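Grab a viewer and work through the exercises below. Each one gives a task, then a worked solution.

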Amino acid sequence: MKKLAIFLLACLPLIAWPALAGDHVDSSNYVEIGVRGSDASKDHNQVSEYSESSTKINGMLKLRTMDTKGDLKYRLDLALFSNEDLKMKLVINKGNWFTSTTTYNKFLHKLGHDSLSNMSWREAADQAGTIPAHKELTSVDYTPGEEFYKTYEDFRQVFDIKLNTSIPSDIQVGFRAQARNGYHQMMQLSHCDTCHVQTKGAKLDENAYDVWAKVHAKVNKFDVSYKYTYSKFNNGADQTSFYIDRPRHPANGGAIDEFASRTLYGGEVLPTGFNNDNKKSTHEVHVEGTVGDKDRIVAGASYSDLTNYFTDLDLTTSTGSFRWSHKCRTNLVMDAFLSYYTMDNDDIFIDIPAWRDGRPGGGQPLSWTRYSAYNRDVSYVKLRAIYKMDGNNRFTFSYRYKQTDRDNTVVNIEDGSTDTTSSLFKVRWDGRYGDLRTNLMASFESIDHPFENALGINEDPANAYVPFPGNGLIYYLQRQVIGEASNMPSQDMNVRGNLSYRFSDKASFNMYASFRNGENNELNTYTMNLTGRTAGTSLFYVLDDKTVLTIGYDYSFNKQEAVFSVPVMDG
Amino acid sequence: MKEAKLFLMTVLVCAMPLAYAGAGGDLVGDESCAGCHEELVASFNKSFHSTFFKKGDGFKCEACHGSGQAHMDSEDPTLIAGPENNMKKLEQNCLSCHSDVVHGLKEKHVMEYGIGCTDCHKVHQPAYKGSLAEYEDQLCLKCHQDVKAKMYLPSHHPVKEGRMTCVDCHKFDGSEDVASENTMPERVNETCLSCHPQYRGPFVFEHAPVAENCMICHDPHGSVANNLLKANEPFLCLQCHQMHFHTALPGYEGDFVPHNHPDRGPFTSTLTGSKRGFLTKCTQCHTRVHGSDLPSEARSAQGKALTR
């Protein structure tokens, strides 16, 4: 029955087309009126995201039109499927000095629903599972079956105005508004009674606004521009709250003081995950131009300041970059690129009550200062040579050295270093033989201590399991977590090739393949390996203005080898 | 000295017509072109360039293709700038009007890959199609087939649905590729956060890879796992973290009602229930993986477990 429904749905637009759809095409106008149907089986384990998750038919209107009256021109693109699914772009030109570009995009993004059905467990005191013990894991879904979604809206208005000044100059003023509205799933863990996860739907009402102004002038042979952007994120939804269970022993409800001395809160309704408002201002300066006949420079600098309204935390970023290109010969260009940026985020003191405060053997301080993982200085140097052997072949060779000096994130536990350095070598061949385009690229990157979790996994079985300082009762094996873990390679090799051939204006053929092999042998725990292979081919044939036949095959294989560390709890 | 300058100027003025003839030659006009290329001339008259800009007679075949005199006389296709012959010359003619189109001069496709104007732009098609050879969401993917294949994976940005285009992330303004070090913005993350500003923070409780690079966990072109994750949970998390310490505990076989919450049951436990519970999806409890301003519950985690 379902297959029949799918078949009928597939046929419906074709059957209904002559009656329902009219279309009109001339050189400057295009109108398409029709229907769009879909049938999909719903699978809650995998979000269908942007495609329909139910069987239905929508109307459809596509419109492209343009006209010119004197020196006033407009062009309109519109695609309308429903009030939740539409796209529009309107460009208006006046002479060659004014352009207005308006875009609006709205679509539905379906979100998943997790029923938390895997959270149902009680500890057993024996390996056979016959004697119930204390620890429990439970869950509740307060909005079962609810479908979660958000509609995303993006509106942009940009004005470009050429100024009638002695120095050629122009200004750009822009505004962008984004909105995410809908319902999404919120979850909250409560775990110093029975381990309990609650979930319910919550309203989503997030908005972001960007305004910017850019001034550009051509001074002699240099294009100089300055741009200021102010961006604000505003969360208009009410905070979602959950009741956090009162800390107590899960099996008998006792030991209230003991459990309370191990937690920060409980027995109260508290707000949960909320993206707080933030604002960001950015200044950018850009200079580029030619020096003599053979040299070209591009330089830029920027400064940005990001603030979290709720916490007043402030993140500043400064960047600078410079590129110099030199045409050594008509067929050889060499360039050098230098870039540097630094990020500085506020530190914050986290005031936390002492561990088991007021309890026998307790009182160990837990307050700490959060030094930010953002804080870093990053610099690059890249050298590139582009050699055009003849009209059909060109080769590119490049070398890049990059240094990342983090302030606080350790990436080498042996010496406590926070630095990563890398060298990347790349060679590429591009061929252009009439209607044949082909390229082949090979690269190798050696990375000295890439990003990792230095205290990621438990790795020190030789050490005695020492109890928490000052407390002989409780052993925390997490304290022995000194094993490095990462999914980032320290050596990374890539080979990639692509070939496309255009038989005619109506037919083309494409094939590609890539191979990747990487490993990280700098961890103190294991050697991480990753392998990737992709390949594919496709053939296009344009039957007419509206019909394109495509046949293709894609293959992808990715594999990563790592260890799973299973700590044993004894606490 | 004065005589020398006068002589030089005279020579230059006399040589100008010769230079013009050598560079451009005589114009033959559209009607002559249409004698052999009727369809092409007709199609240009309906094109975006012709319709939208309406420059009149000065904006016809030879404005782009150069003088047609020699080509018409000998019928030699190599004597005119066309896509089959003298393509570079044809593309240089594009830049005579589009000198401010910076991507034609500096960006990676042109500089490094040798891609020309006509690889992406088509001038002789109907005006409503614009000047791109394909619609924006298809143009790039025609060459970048590996990326296109990823767009068909279950989780992807809505490019194939026509809700995003490649240039929303990958700049064509001369600053090369978004993921390249030649970009002027601070980092790759800045591109992601321009549409996902809710994750900008800066948060009190951080997750270090979020500060490092979004692409440690996400593949923006598409993935099998939800939310563009490079691997499904818990495997992605376990690449950097150990399993939860409750995972190894045995489970009781049978139903149970929580002692402190008789209203919440009954629940069913199995021998492997702890694995299902603690090793299915880490973000069921650690919901705030992008960072949080609120502390987690247990004091021992010092508030930084990203559960609230």
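Predicted model: local features only at pLDDT ≥ 70, side-chain atom pairs only at ≥ 80, totals over all residues.

**Exercise 1. Find out how far chain A can be trusted, and where to be careful**.

Step 1: start with the average. Chain A has a mean pLDDT of 86, and 87% of its residues reach 70 or more.
Step 2: Over residues 1–23 of chain A the pLDDT is below 50. That stretch still makes 20 contacts in the model beyond near neighbours in sequence.
Step 3: decide what to do with it.

**Exercise 2. Work out the domain layout of chain A**.

Step 1: list the bounds. Domain 1 covers 1–84, domain 2 covers 97–272 and domain 3 covers 406–571.
Step 2: get a separation. The C-alpha centres of domain 2 and domain 3 of chain A sit 27 Å apart.

**Exercise 3. Describe how β4 and β5 of chain A pair up**.

Step 1: check direction. Strand β4 (residues 72–82) and strand β5 (residues 85–94) of chain A run antiparallel, joined by ten bridges.
Step 2: look at the link. β4(A) and β5(A) make a hairpin, with two residues between them.
Step 3: pick one bridge to check by eye. A:Leu78 has A:Met88 in β5(A) as its bridge partner.

**Exercise 4. Characterise the contact between the chains, then look for nonpolar cores**.

Step 1: count residues. Chain A puts in 136 residues and chain B puts in 84.
Step 2: see which elements of chain B take part. Those giving two or more residues to its side are α4 (48–53), α11 (145–151), α13 (208–212), β2 (267–269) and α15 (273–278).
Step 3: sort the chain B side by type. You get 34 nonpolar, 31 polar and 19 charged residues.
Step 4: turn to the cores. The largest nonpolar core has 14 residues, and A:Ala485 and B:Cys237 touch the most other members. Helix α14 (residues 235–238) of chain B supplies the largest share of this core, three residues. A second, separate core has twelve residues, including A:Leu315, A:Ala373, B:Val204 and B:Ala211.

**Exercise 5. Is A:Ile482 buried, exposed or partly exposed**?

Step 1: locate the residue. A:Ile482 is in the loop between β25 (453–457) and β26 (483–485) of chain A.
Step 2: count neighbours. A:Ile482 has 16 other C-beta atoms within 10 Å, so it comes out as partly exposed. The cut-offs are 20 or more for buried and 12 or fewer for exposed.
Step 3: A:Ile482 and A:Ser556 are 74 residues apart along the chain, and their C-alpha atoms are separated by 35 Å.

Notes
Residues numbered from 1 in each chain as written. Chains lettered and ligands numbered in written order. Contact = placed C-beta atoms within 7 Å. Helix = DSSP H or I, 4+ residues; strand = E, 2+ residues; numbered from the N terminus. Nonpolar A, V, L, I, M, F, W, Y, C, P; charged D, E, K, R; others polar. Domains from an automatic or database assignment. Pairing = 2+ DSSP bridges. Core = buried A, V, L, I, M, F, W, Y, C linked by C-beta atoms within 7 Å. pLDDT = per-residue confidence, 0-100.
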